[in-house]
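Q: I would like to learn how to read the features of a structure that is new to me. Please take them one at a time.

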Amino acid sequence: MNHSVLLIEDDAELSAMLRDYLQEDGFAVSVAGDGERGVAAALSGEWEIAALDVMLPGIDGIEVLRRIRATSELPVLMLTARGDDIDRIVGLELGADDYVSKPCTPRELAARLRAILRRSGERDSAPPVVSAGQLTLYPQTRRAFWADTPVLLTAAEFNLLELLVRHAGRPVSKDFLSQQALGRPHAPYDRSIDVHLSNVRRKLGPLPDGRSRIQNVLRQGYQYIPE
């Protein structure tokens, strides 16, 4: 079964090249050439993942992502200008699952899309429940609960939190988190994991004593602190 991807990109030549490559690589692809059409298509429920350009006519990619995340957890891969750290960080803070710097090769884009889909899809081999204190994760259905309250997480946020909870009380390196949760090596100055986990901290809230439930361990990575 082909994976389905929505490409939200206004550059007609680039989108045609990417569409042709992705289709040859086994994806079902639809292109939306502006932000308004991109939002409508993303919220239609027809697509497994979206690749979203930041620079769009009308409403830009950041606003498109904001509108998608208001009601949907559709995995989103941002396409950002090379070296534009502000757009990357804002996109991750708003719930993008990952980003690719433009210009990128169609092969790199396809690999990133597959990595996100592989980690956000069904996980039949995963244990039915992963828990620590009042936090309960259901990997096979990608659901998270704090006590009886749902915690809405993006695919990347869920992946990172699941890894930390599985290793609760022990530090987990950024290299391991990046490879296992994002599907790529951790690069120097890449803040993706930091931003994703900042979002998770905000959604979970602090420990009773005010400390963060997810702590940065100097030169060792991150650690989930169970109650």
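A: Start with the elements: helices (H or I, at least four residues) and strands (E, at least two) are DSSP runs, numbered from the N terminus. Residues are numbered from 1 along each chain as its sequence is written, and side-chain values use heavy atoms, leaving out hydrogens and water. The model is predicted: local features need pLDDT of at least 70 and side-chain atom pairs count only at pLDDT 80 or more, while totals for chains, interfaces and linings use all residues.

Q: How far apart are R67 and E63 in helix α3?

A: R67 and E63 are 4 residues apart in that helix, which separates them by about one helical turn. They form a salt bridge, with the closest N and O atoms 3.1 Å apart. A salt bridge is a side-chain nitrogen of Lys or Arg within 4 Å of a carboxyl oxygen of Asp or Glu. R67 has 33% relative accessibility and E63 has 25%, and each counts as partly exposed. That label covers values between buried (under 20% relative accessible area) and exposed (over 50%), taken with a 1.4 Å probe on protein chains only.

Q: Which residues of helix α4 are buried?

A: In α4 (residues 85-93), the buried residues are D87, R88, G91 and L92. Seen down the helix axis, they fall within an arc of 125°, so they line one face of α4. The arc is that of the directions from the helix axis to the C-beta atoms. Their cover includes α3 (61-71), β4 (76-81), β5 (98-102) and α8 (192-204). After α4 comes G95, whose phi is positive, near 110°.

Q: What is G183 in contact with, leaving aside its neighbours within four places in sequence?

A: Contact means heavy atoms within 4.5 Å. With those neighbours left aside, G183 is in contact with A115, R119 and S178. G183 lies in the loop between α7 (174-182) and α8. The C-alpha atoms of G183 and L113 are separated by 9.8 Å, although these residues are 70 apart along the chain.
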